[in-house]
Amino acid sequence: MKKWILVLCLCLLSVPVLAQFAGLPIANSAAAPVAGETRVTAGIVTSDDYNQYGGRLSFAPVGRLALFGDFGALDPDGGDVGPSGQAGLQFTLPLGEESLVDLALRATAGFASFDFDGGDLSMNGFTAGALVSRDVKLLSPYVFLGMSFVNTEVEAHGASESEDETDLAFAAGVLLNLTGAFSLYGEYAHVDESFLNAGIRWTF
């Protein structure tokens, strides 16, 4: 009986936190950062099952390569508010000045956990894919496509159960570059379910 309860918990509770493991929000174009560039991003991810609030710090130790880390609060409908975070990197490929688009490779590793009535749930995941974008005056539209792997573990009533899942990760959004330092972003994503993301980014 306990095993069936855990299986049910996995089905009901694992989907709401998949966004964290799609590397979401992307909130970035594929354009190459300059060495030393630092960015701070704050935003919200929403879906039918939860809201997630958080921030990101990104730094480019060398040109074309950005390292970033996120930390946030996950507010699921089926449980208590819990921590979530991820770390990743993005490398812009040298396509040449004649290219009409920028192309970057992106990878993230993330975690999330929260308590629910009678137990707790934790998730660890990895996502990798490609990001393509193009700057058009004040706008920078972008598209991400990759794969997301997630391991979910549930403990309830003195027993535990785990499940692995692999999904296609897709995101499309746009950056509105208000000034040389400040940008707004809006994004739609789909990883087993749909997500809407929005926020602000500061570059210095």
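## A ten-strand barrel at a glance

In this predicted model, Ala66 has Gln90 of strand 4 as its bridge partner. That pair belongs to a closed barrel of 10 strands, which runs 1-2-3-4-5-6-7-8-9-10 with antiparallel pairing. Neighbouring strands of the sheet are turned against each other by 20° on average, direction ignored.

**Overall layout**

- Reading from the N terminus, the order of elements is α-β-β-β-β-β-β-β-β-β-β, with helix 1 spanning 2-13.
- The protein has 204 residues, and 43% of them count as buried.
- Its accessible surface is about 9800 Å², and carbon and sulfur atoms account for 65% of that area.
- If you take the contacts between residues at least 6 apart in sequence, 56% of them link residues at least 24 apart.

**Strand pairs and hairpins**

- Strand 3 (residues 65-76) pairs with strand 4 (residues 82-92) in the antiparallel sense, over 10 bridges.
- Strand 5 and strand 6 also run antiparallel and are joined by 15 bridges. Within this pair, Phe111 has Asn124 of strand 6 as its bridge partner.
- The hairpin of strand 5 and strand 6 has two residues between the strands, and Gly118 there takes a positive phi near 100°.

**The nonpolar core**

- What is the size of the largest nonpolar core? This core has 26 residues, and Ile26 and Phe195 are those with the most contacts inside it.
- Five strands each supply at least two residues of this core: strand 5 (102-116), strand 6 (119-133), strand 7 (139-156), strand 8 (159-177) and strand 9 (182-190).
- Strand 7 gives the most to the core, with five residues.
- As background, nonpolar side chains in soluble globular proteins tend to be buried together.

**Arg39, a buried arginine**

- Arg39 sits in strand 1 (residues 38-46).
- Is Arg39 buried or exposed? Arg39 counts as buried because its relative accessible area is 16%, and the cut-off for buried is under 20%.
- The side chain of Arg39 makes a polar contact of 3.2 Å with the side chain of Glu37.
- A second polar contact, of 3.3 Å, links the side chains of Arg39 and Thr203.
- Apart from neighbours within four places in sequence, Arg39 is in contact with Asn28, Arg56, Leu57, Ser58, Arg201, Trp202 and Thr203.

- Ala130 lies in strand 6, and its relative accessibility of 29% makes it partly exposed.
- Which residues does Ala130 touch, leaving aside its neighbours within four places in sequence? Ala130 is in contact with Leu103, Ala104, Leu105, Val143, Phe144 and Leu145.
- Thr92 is 38 residues away from Ala130 along the chain, and the C-alpha atoms of the two are separated by 9.7 Å.

**Two loop residues with positive phi**

- Most residues other than glycine have a negative phi.
- Ala27 has a phi near 50°, a positive value in a residue other than glycine. Ala27 lies in the loop between helix 1 and strand 1.
- Where does Ala27 stand on burial, buried or exposed? Ala27 counts as buried because its relative accessibility is 2%.
- Asp192 is not a glycine either, yet it has a positive phi of about 70°. Asp192 belongs to the loop between strand 9 and strand 10 (194-203).
- With a relative accessibility of 38%, Asp192 counts as partly exposed.

Note on methods
Residues numbered from 1 in each chain as written. Predicted model: local features only at pLDDT ≥ 70, side-chain atom pairs only at ≥ 80, totals over all residues. Heavy atoms only, no water. Core = buried A, V, L, I, M, F, W, Y, C linked by side-chain atoms within 4.5 Å. Buried < 20%, exposed > 50% of the residue type's maximum accessible area, 1.4 Å probe, protein only. Helix = DSSP H or I, 4+ residues; strand = E, 2+ residues; numbered from the N terminus. Contact = heavy atoms within 4.5 Å. Areas by Shrake-Rupley, 256 points an atom, 1.4 Å probe, with all protein chains shown as cover. Polar contact = N/O pair within 3.5 Å; in protein donor to acceptor, adjacent residues only side chain to side chain. Pairing = 2+ DSSP bridges. Axes fitted to C-alpha atoms, helices over the stretch in contact; angles between N-to-C directions.
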